[in-house]
Amino acid sequence: MRRLIIMITILSCAMAIVPTALAASSITRIKDVAKVQGVRANQLVGYGLVTGLAGTGDSNTLVQTRQSIANMLKSFGLTVSDSQLKSKNVAAVMVTAQLPAFVKPGDTIDMTVSSMGDAKSLQGGILLQTPLKAANGQVYAVGQGPISTGGYSASGGGSSQQKNFPTTGTTPNGAIVEREVPTQLISPSGSITLALSQPDFTTAARIGDAINNRFGNISTTRDPGTVVVSVPSTYDNDVVGFVASIEELYINPDNIAKIIINERTGTIVMGSNVTIDEVAVAQGGLSIRIDRTTDVSQPPPFSGGSTVVTNNTSVDVKEDKANVMVLPSTASVGDVVNALNAIGATPRDIISILQAMKAAGALHADLQII
């Protein structure tokens with residue numbers, strides 16, 4: 001006898017509609033919401049060889065690795081045909097690094113080394129001296145040293161174990177800076193430019209007001225993401241101190257009301273500026289259960305009858321009592337969440353309710369689904 005069960009669940013949500021009380025925004029430093037334009041890191045990349053691998057390097061089928069080994073040996077006065085070389089202890093890698101602003105020649109920076117062939121692991125390998133170039137093709141650092149993979153890979157007898165990614169590793173302070181990237185803090189007109197991390201009209205205006213209240217009328221808000229500040233003559237020889245004084249000023253940043261929803265994980269994050277109209281939420285469930293059973297009728301022996309198969313179907317309908325919650329006009333974001341939790345709404349139910357409220361024009365926030 002086979003039994004087939006079909007479950008159909010219908011979730012009904014009715015809502016009708018309130019502005020929530022605005023929570024006070026946090027006070028923060030200008031340093032945390034804006035940065036001086038032009039102060040930035042630069043990306044470096046290079047191609048190199050990792051040696052000393054215990055048979056976990058590139059296979060001999062990779063011509064570029066054998067050619068790289070032959071070219072490297074040629075620089076030491078050894079001429080060897082790449083067809084005579086075996087690369088199982090060597091791996092061709094790409095080396096990347098970030099060159100921070102204001103670093104000087106002789107400073108060291110971290111490197112990341114990743115295999116570009118079919119090497120199984122870089123564990124225990126040594127990166128040979130590798131020039132690191134910027135987008136303009138100029139060499140700004142040179143890297144060399146042992147590689148730390150933080151993982152392993154082992155196999156045998158048809159089974160294998162692996163932790164993290166042994167084909168990628170790091171070399172802390174493995175690259176030496178050879179050239180400085182010029183950074184211009186002050187424009188030819190004698191001003192610095194502050195770039196906001198999150199462009200906003202209100203935040204930019206408040207930054208300009210805070211600077212003007214502290215130093216006089218020296219700032220101009222060019223657009224929602226840029227504030228231009230003229231350097232006072234008293235700070236001509238102390239631009240760093242002037243920038244530090246600006247960064248330590250406190251403002252009340254403003255942000256657009258936003259709700260972030262991750263449907264895959266059921267995560268919901270609401271900002272403090274989210275407001276709604278007066279809302280009544282009703283949540284109820286209608287469950288329809290259909291049971292289908294198969295019966296077999298077997299006639300007695302030598303009766304001359306035939307076997308008959310019959311299908312029996314039963315339908316059971318169950319409707320849960322709807323839970324209704326009304327939010328007053330003074331409701332906050334916390335009240336909304338607590339109310340939805342009180343009526344037993346799951347995170348996915350809350351997502352559906354918020355989307356319906358937004359579609360009805362009752363939710364005053366930007367609904368962003370990631």
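Six strands form a closed barrel in the order β4-β5-β6-β11-β8-β7, paired antiparallel. From one strand to the next the twist averages 30 degrees. Angles run from 0 to 180 degrees between N-to-C directions, and axes are lines fitted to C-alpha atoms, for helices over the stretch in contact. Strands and helices are DSSP runs numbered from the N terminus: E of at least two residues for strands, H or I of at least four for helices. Two strands count as paired if DSSP finds at least two bridges between them. Strands of a sheet pair through backbone hydrogen bonds, either parallel or antiparallel.

This is a predicted model, in which local features need pLDDT of at least 70 and side-chain atom pairs count only at pLDDT 80 or more, while totals for chains, interfaces and linings use all residues. Residues are numbered from 1 along each chain as its sequence is written, and side-chain values use heavy atoms, with hydrogens and water left out.

Threonine 96 stands opposite threonine 112 in β6. Helix α1 (residues 63-74) packs on the sheet, where it touches β4 (42-51), β5 and β7 (126-133), and its direction makes about 85 degrees with that of β4. Contact here means heavy atoms within 4.5 Å.

Threonine 65 belongs to α1. This threonine 65 counts as buried because its relative accessibility is 0%; the buried class is under 20% relative accessible area, exposed is over 50%, and partly exposed lies in between (1.4 Å probe, protein chains only). Leaving out residues up to four places away in sequence, threonine 65 touches Asp58, Ser87, Val90 and Ala92.

Helix α2 (residues 201-215) has 15 residues, so at 1.5 Å a residue it should span 21 Å, and its end C-alpha atoms are 21 Å apart, in agreement. The expected span is 1.5 Å times one less than the number of residues. Just after α2, glycine 216 has a positive phi of about 100 degrees. Buried residues of α2 include Ile207, Ile211 and Phe215. Their cover includes β12 (191-196), β13 (219-223), β14 (226-230) and α3 (239-247).

Overall, the chain has five helices and 23 strands. Of its 370 residues, 34% are buried.
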